[in-house]
Amino acid sequence: LGFCFSKGADVGCRTVAKASADEKVGVFVRRGKGIGVVEYSELDEAEATATKPNGELLYNWSNICMQYYSRQFLEKVATKDLGYHVAVKDVKTEAGTVKGLKLEKFIFDAFPYAKKTCLLEVEREAEFAPVKNAFGADKDSPDTARALLMQLHRRWAEAAGATIEGSADEGLEISPLMSYAGENLEEWAGKTLKSGTMVQSGEPHVAILDDPSSPLIAPKAARTISQDSVGLSKLAATEEPGEASSSAAAAGEAAKTTSVSSGGNGKGGLGGLIQKGAALCVLLLVAGKLAKR
């Protein structure tokens, strides 16, 4: 954000080099006096595989949909007609699978209107783990994205001085409440962590992933149920037509109830806000029930 702002950019994009010529990502191109994006489906094979004299792909810089926009730029392009992209899709019908046309609009079609665009190359291993396919696919699936994320977090822990016990191919997960980008991990220097686990501040190995019965899963904190929420539960359970009057009574009672969990006095502060919000929800539920009858 600071980089784009300091350069006075209308648009800023993170980008990574393509993993291969057939990777399904849009690529940055020059369009007019500005920068544009061409979808992978709109590049023919010759264009997708074209190279520079040094062997690098001619269209090498991927649009990974991490973008910055200035407010002034968005206001300017909000009324522009950006046109459509046509995509051919398989459509399942009663007669079988047929080819269908899908009209699409993309935010990157506004890029050529930018007077100044900044492209910032980032590390693929740290920034890009797309999910485009179903579970079980060998690439770009929830499984591969999860594995890449856990390997990234493993590198964070090792850089902080931790030793990882377990398979070298298996990473671990660090809670975002503990670290956003690998910072604040000094407390794990010299300690041993287990692969395949989630790490939280002060509580290593809180949960073994994919094992809901694990004794290492942190117990859920007990919650105080307010009288308001009890009233809402009772009202929602009321279904008999003859109970409309009792629903109305419950609404009136809830409106008078003070929230136990907030500790408020029902007149001001958080307690009052919770009380008023719950009472309003109850009245709306009652009105809906009466309207149906």
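Residues are numbered from 1 along each chain as its sequence is written, and side-chain values use heavy atoms, with hydrogens and water left out. In this predicted model, local features need pLDDT of at least 70 and side-chain atom pairs count only at pLDDT 80 or more, while totals for chains, interfaces and linings use all residues.

The chain has 8 helices and 12 strands, taken as DSSP runs (H or I of at least four residues for helices, E of at least two for strands) and numbered from the N terminus. Of its 293 residues, 32% count as buried, where buried means under 20% relative accessible area, exposed over 50%, and partly exposed in between (1.4 Å probe, protein chains only).

A nonpolar patch on the surface is formed by Tyr84, Val86, Val88, Leu101 and Leu103, which together have about 580 Å² of accessible area; patch residues have over 30% relative accessible area and no salt bridge, with nonpolar side chains joined within 5 Å and like charges within 9 Å. A salt bridge is a side-chain nitrogen of Lys or Arg within 4 Å of a carboxyl oxygen of Asp or Glu. Strands S5 (85-93) and S6 (96-104) each supply at least two residues of the nonpolar patch.

A patch of positive charge gathers Lys24, Lys89, Lys132 and Lys139 on the surface. One member of each patch is listed below.

Key
Accessible areas come from the Shrake-Rupley method with a 1.4 Å probe; for residues, only the protein chains shown count as cover. Lys and Arg count as positive and Asp and Glu as negative; His and the chain ends are not counted. The place of a charge is taken as NZ of Lys, CZ of Arg, CG of Asp or CD of Glu.
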